[in-house]
Amino acid sequence: MANGVATEGGHPAEQMDRVVIRFAGDSGDGMQLTGDRFTESSALLGNDLSTFPDYPAEIRAPAGTLAGVSAFQVHISDHDILTPGDAPNVLVAMNPAALRANIGMLPKGAIVLVNVDAFDERSLKKAGYDTDPLADESLSAYKVYEVPMTSITQEVCKDAGVKPRDAERSKNFFALGLVSWLFTRPVDPTLEWIGKRFADRPQVAEANTRAFRAGFDFGETAELFESHYEVRPATFEVGEYTQITGNKALAWGLIAAAQLAGLPLFLGSYPITPASDILHELSRRKEFGVRTFQAEDEIAGVGSALGAAFGGALGVTTTSGPGLDLKSETIGLAINLELPLVIVDIQRGGPSTGLPTKTEQADLLHAMYGRHGEAPLPIVAAKTPAHCFEAAIEATRLAIEYRTPVILLSDGYLANGAEPWRLPDVDALERIDPKFATAPNHVNDDGSTAFWPYVRDEETLARPWAPPGIPGLEHRIGGLEKADGSGNVAYDPMNHERMVRLRAAKIDGIARRIAPLEVDDETGDAEVLVLGWGSTFGAIVAGVRRVRARGLRVAHAQLVHLNPFPPNLGEVLHRYRTVLVPEMNLGQLSRLVRAEFLIDAQSLTKVQGVPFRAAEVESAILTLLGGPR
Amino acid sequence: MTITAVPATTRKDWTSDQEVRWCPGCGDYSILAAVQMLLPDLGVRRESTVFLSGIGCAARFPYYMSTYGMHSIHGRAPAIATGLATTRPDLDVWLVTGDGDALSIGGNHLIHALRRNVRLNILMFNNQIYGLTKGQYSPTSEIAKVTKSTPFGSLDNPFNPVSLALGAGATFVARTHDMDRAHMQETFRRAHEHRGAAFVEVYQNCNVFNDGAFEKITGRDVRADMLIPLVHGQPIRFGAEEEKGVVQRSDGRLEVVDVADVGEEALLVHDEARADPGLAFALSHLSRGPIEPTPIGVFRAVDRPEYGDQMDQQVASAQERRGQGDLKALLRSGSTWTVD
Ligand code: SF4
């Protein structure tokens, strides 16, 4: 991975094609922020990157314990990458607990930077160490650097105007400075950011600046490190880029979708991890005419969104699994009312409260079937953080064109993970036509005209959307079964059967609207297809590349539309001898494709609250190909 | 925008072609008639009027109106109405609910709509029973009520809907009953004029499962002695000869007295606009249920900024400060870099 290159300074800089760095510390140590800043300066340098914030459910779990360890993993590279990396090459451990919780992930020879000041007897004990790992041989497989981060930080901040206890809190900037030196990151973006972020607290800004510089200088002068490293910019397609997390991309996608449809955006939401950041982001964007409503509960979140949709707005609700449970009844109503509605589910580990801050893909069958009665709806799944933008627009488009609630699935990994995003040309995005009803659509027997809310479009089977305000289109809708056409309450058995089938046919017909599934099959003669959905995209692509690097053939396709499936999915699946379906659940998509297409899909499952590693996908493919060769 | 005069309408214009399917003799009929006959007087348009409901007998109401309408799901209408009213300030949104719908399954949504002061006219038909599910006790049923689900009598202390609304910080709280069309219409008119959440409890007779629940106070021959009309700025008194009244004792307690015993000057003067809801709350507790002299009319009507208006103001002020949202600029609001 590295080869020596001499530089002008005292330290040679070694070239690396990629590196995985994991910042780990106590929840209160600011590791998420540290990782974020490192990512930002790497993005500006032009690396490709992928991040994985990994933090506990408790806001402040007992300090110094394993439960309180918060980590941020970032993978930077000079080439196109798709995952935050299987194993960190560098671990920054701010205390013994951070070391203990993460050391198992490191490959032999990895670099470990420890804040040696935190390795006192009490902290070691809290972390469950009987003896000091820095003093025995347990870390001999790694390159361990003991750095007195706390004491140097306190020393340089002495006359910065902050109290010693507050100065100690700047030690994460020391770590950031040191790692920035180690990987030859530019310092200016971080210094500028500190200045801006702490503009109203100049003393804190000063302390953080000093700590950051001290960390950087420590690397340069301490003669501890034989070399430092350089990860050159990646080659990207020409364009303008920004670094984006899934939740932010999703929020922006909703804003874009509302603009494309020319509708005001209304978000009804109740705070829930890991979805709340969408509510936060949208509530900041009122200049787009966005109305955000923090409802009294999950039910009111979706209810208010449905009410807004009845009034002609783009109604959206955002949640995670427990919230989706609560919204089920209202989603059923929306299916009956046939009104556009976007339900965003940022999946997390379940059941019940489960693992609130960890990722999982176990809500697929819930999205598919989690309502009473025959209640089908379209399901769209985002596959990378940046793809959340596009997925939000697609979900909105289907909701509006087909007058139906749509569930958009993302997950904790996409929500918080970041990657570089080539900004789309927003002028080129296809518009969404809400096609509001404007006139009566029915002639009564006596020749007079009337508005019938359940007369369907022949092509899409969608009913007219007629928000209040237009004379002559007054109508009543509700959860009771309606007569085909007039929409009046109807208990007639044959009418019910017709309506159930019509609602299903409408959703099935969406398959005609969506693009055929694209298959990545380089040579066209692979025998194994890896079929993924949602956030497994990165790990599957990385795993497939590894298999191909061995000279073996394997195909890959990633589903974005889970209901209905793309029109060619059956044909694609039958082209391959074996289909492997990796998912972060116990086999939900594999169940669906088995039932639908009668194929013997092989399931690769993982429910550990963390994404697949490329190696796991690789080894599963190799097994199907007849074992490693 | 051209402003055209609101066309004159009659009750017929507000009546849909759907057959009304409440039990014969149900109090809901007279409430429906009162509303349909009042609307032509309010100077409102049919196309700008929406009736929303949840589930229950009362919730069928929207089907009988020729306006826009939605019959939604149990208890959730206040949430749905909040989304509609805050995004469509041009609409007149009425919410028709019952004691089970509003106070049991939907209690949470009701109190939050009230505290937020969402511009809604909420008509809660209180019949102290579950009608649609055929006769179980409700959250307003009196203690020890024997019903299908409580053969040995109910244990629950009932809600006092007016007290509950006042406790939730409602800005308009009133009570009326299905036996008096003029009083209903006057109360509904006041609710409609109120800019914010208006809560009206309507005593409604369910002649099938809880017949006569309010007869002791609303019956034609007892009404004068059992209903205490609240009139803003007037001493609170009642009785065929206005011989009875309400006074406030030095410990704050309200009491019904003979005017002759205390003198007219001693009577409590009703002030619906009082900022502090304490007296209105005390009035709501004057009777222990519809068996003792019970106040009707407007308990409280105060001004507080309306929720949707405030939301609009936040949007307007953001647009004033930052200009209309620009999507291209939004996508570039973080750090960006260019690859050529
Ligand atoms: S059950 Fe009672 S409330 Fe319901 S319609 Fe019949 S009489 Fe009216």
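The ligand is surrounded by Trp22(B), Cys23(B), Cys26(B), Asp28(B), Cys57(B), Asn127(B), Gly131(B), Cys206(B), Asn207(B), Val208(B) and Phe209(B). A residue is near a molecule if its C-beta atom, placed from the backbone, lies within 6 Å of it. By class, this shell has seven nonpolar, three polar and one charged. Ala, Val, Leu, Ile, Met, Phe, Trp, Tyr, Cys and Pro count as nonpolar, Asp, Glu, Lys and Arg as charged, and the others, Gly among them, as polar.

The model is predicted: local features need pLDDT of at least 70, side-chain atom pairs count only at pLDDT 80 or more, and totals for chains, interfaces and linings use all residues. Residues are numbered from 1 along each chain as its sequence is written, while chains are lettered from A and ligands numbered from 1 in the order in which they are written.

Chain B splits into domain 1 (11-232 + 270-315) and domain 2 (235-269); the bounds come from an automatic or database domain assignment. Their C-alpha centres lie 28 Å apart.

Strand β10 (residues 239-245) of chain A pairs with β14(B) in the antiparallel sense over four bridges. Helices (H or I, at least four residues) and strands (E, at least two) are DSSP runs, numbered from the N terminus; pairing needs at least two DSSP bridges. Gly239(A) stands opposite Val339(B).
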